[in-house]
Amino acid sequence: MEKIRVRFAPSPTGHLHIGGARTALYNWLIARQKKGRFILRIEDTDVERSTEESIRAILEGMKWFGLDWDEGPEKGGDHGPYLQSQRKELYAEAINKLLDEKKAYQCFCTPSELDAKKEKARTNKGQYAYDGTCRDLPKEKLTSSLEDGKPYVIRLKKREDKEIVFKDLIKGEIRIHSDTIDDFIIRRSDGNVVYNFAVVCDDALMKIDHVIRGDDHISNTPKQILLYEALGYDTPFFAHVPMILGEDKTRLSKRHGATSISQYRDDGFLPEALRNYLARLGWGYDDSQEIFSTDDLIKKFSIEKVSKNPAVFNYKKLEWLNGVYIQNLSLEARTEAVIPYLKEAGLIDDKFIRDNPDLLKEIVAVVGDRMKTLKDIVPYSDYFFMEKVQFDEDVKEKIFQKADLADAYQLIAKELEKVKTWDKENIEKELQAISDEVPIKRKDFFQAIRAALTGRLFSPDLTGMMVIMGKEKVLTRITNALNACTKDK
RNA sequence: GUCCCCAUCGUCUAGGGGUUUAGGACACUGGCCUUUCACGCCGGCAACAGGGGUUCAAAUCCCCUUGGGGACGCCA
């Protein structure tokens, strides 16, 4: 049997969308599982909206997401070109063939005439369908119009009274009657073919045998089947993946938060975690497994088991999963991963990294399993890099104004000053002793220290941090906190 | 409006006629661990949209209603 060929065919009118990334992932998983070929094709037939920049963003997004393609831009292949804008001759050939065989025809109706027909259909509450005015134009009329240079589109002569049936790998059998389709346009008056025509041509010529795409394309499928038939090609298998919805169950959009894959990268998500999440969104394997390595996904994924109904995107679950993946990173890998985010926040630069070879690793170690995203490193560690601590508002409210901490801070400063060997064990012992003497609950006592050192209500292990910060810095911060809380009183 | 698709906890799902007092995960929540914040561990809350069939038996099969989504472009 021939090797399976699947494709992802985005239109370069923006970034790589999270929904697109998921269909790309599904295609990729199947190609890898079946040892087939994964093809990337750019659908830039809409010259108005397609941009070079979008193409770059999409390729970059695919690479970051870890989906490598076997044929496509930058890669080439035997079925190229892989940009629709470079395939015009192929389309022209196919169009001429349909014209010769009388399966398609020129239509000289102007946009304003068509608008009027649509308007009329709307007022009569009827469904608009092209009325076929130009379908059987007399030969003389046709040639004279052509000679006059009148602009025209090309329409497919659709088949009459036919039930179009296809078996969808996800949805099952779908049937649509040809009456609900009209003689739709396949080439614009500017000579460019239209999406439905280009996909069919390309998929056929590129020998795509499984078309896996978003389920918003279901209603295009009958038209495309008509085109496959008119052009004399076998139809491929179809699998229509349900949409991703936002919390309010409407189609996921910017309103719901980040939709571009690059945003997830910038927000500190790991590509393998995102792959895991997106694969599991709308697909289940058994009754317990949540964590799937990419190899595991390749082994276990099955398009037939993709759910028929749309899935709501759950950011919290993604965060949880990402946290799990971060925890599984080695200390070295985690430190490397976190560096861009520290730089981005302006906390460190290359010089700093050179001058403090081990410090970063120590900090990442003390932060431990707390991060849900790589970006979380910032609120968990910025106070190591800053000269002075910024006190959060809720620290002032819940710590400084709640109890009288002045005596405690004074005592802490005084006693810690005496610690000779500044290590975890000694600091712990000392803190323990001070805590016994002070009339403050243990919990509040430690929160007070946390507030002084970090300005926050949450942070990594206290004594661990104190070791990294060093005695001098710790004492200064305790004193500063003392001043801050007496001033706030 | 017309056509198409869909329907199990708040969310993602398992379950595909009897094994189900419907399983897991996230979220939420109670507790344990911890001298502190988290992690972790143990527990709790919580669903078969409604109505008709078919059957000895239906979350599972069929029909209708309702609800949601999508498509109706010289966009993709």
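User: How many aromatic pairs does the structure hold?

Analyst: This is a predicted model in which local features need pLDDT of at least 70, side-chain atom pairs count only at pLDDT 80 or more, and totals for chains, interfaces and linings use all residues. Residues are numbered from 1 along each chain as its sequence is written, chains are lettered from A and ligands numbered from 1 in the order in which they are written, and side-chain values use heavy atoms, with hydrogens and water left out. Rings of Phe, Tyr and Trp (its six-membered ring) pair if their centres lie within 6.5 Å, and planes under 30 degrees apart count as stacked, over 60 as edge-to-face and the rest as tilted. On that basis, the number of aromatic pairs in the structure is 16.

User: Which helices hold Tyr264 and Tyr315?

Analyst: The ring centres of Tyr264 and Tyr315 are 6.4 Å apart and their planes stand at 45 degrees, so this pair is tilted. Helices (H or I, at least four residues) and strands (E, at least two) are DSSP runs, numbered from the N terminus. The pair ties together parts that are 51 residues apart in sequence, because Tyr264 lies in helix H8 (residues 261–266) and Tyr315 in helix H11.

User: Which element gives the most to the surface near RNA strand B?

Analyst: A residue is near the strand if one of its heavy atoms lies within 4 Å of it, and 62 residues surround RNA strand B, with Arg188 and Arg442 among the closest. Sugar and phosphate make up 72% of the RNA strand B atoms that come within 4 Å of the protein. With five residues, the element that gives the most to this surface is H19.

User: Which residue has a side-chain N or O atom 3.2 Å from a base nitrogen of RNA strand B?

Analyst: A polar contact is a pair of N or O atoms within 3.5 Å; within protein, one must be able to donate a hydrogen and the other to accept it, and residues adjacent in sequence count only if both atoms are side-chain atoms. A backbone N or O atom of Val312 is 3.1 Å from a phosphate oxygen of RNA strand B, while the side chain of Ser11 has an N or O atom 3.0 Å from a sugar or linking oxygen. For the base nitrogen, the residue is Lys317.
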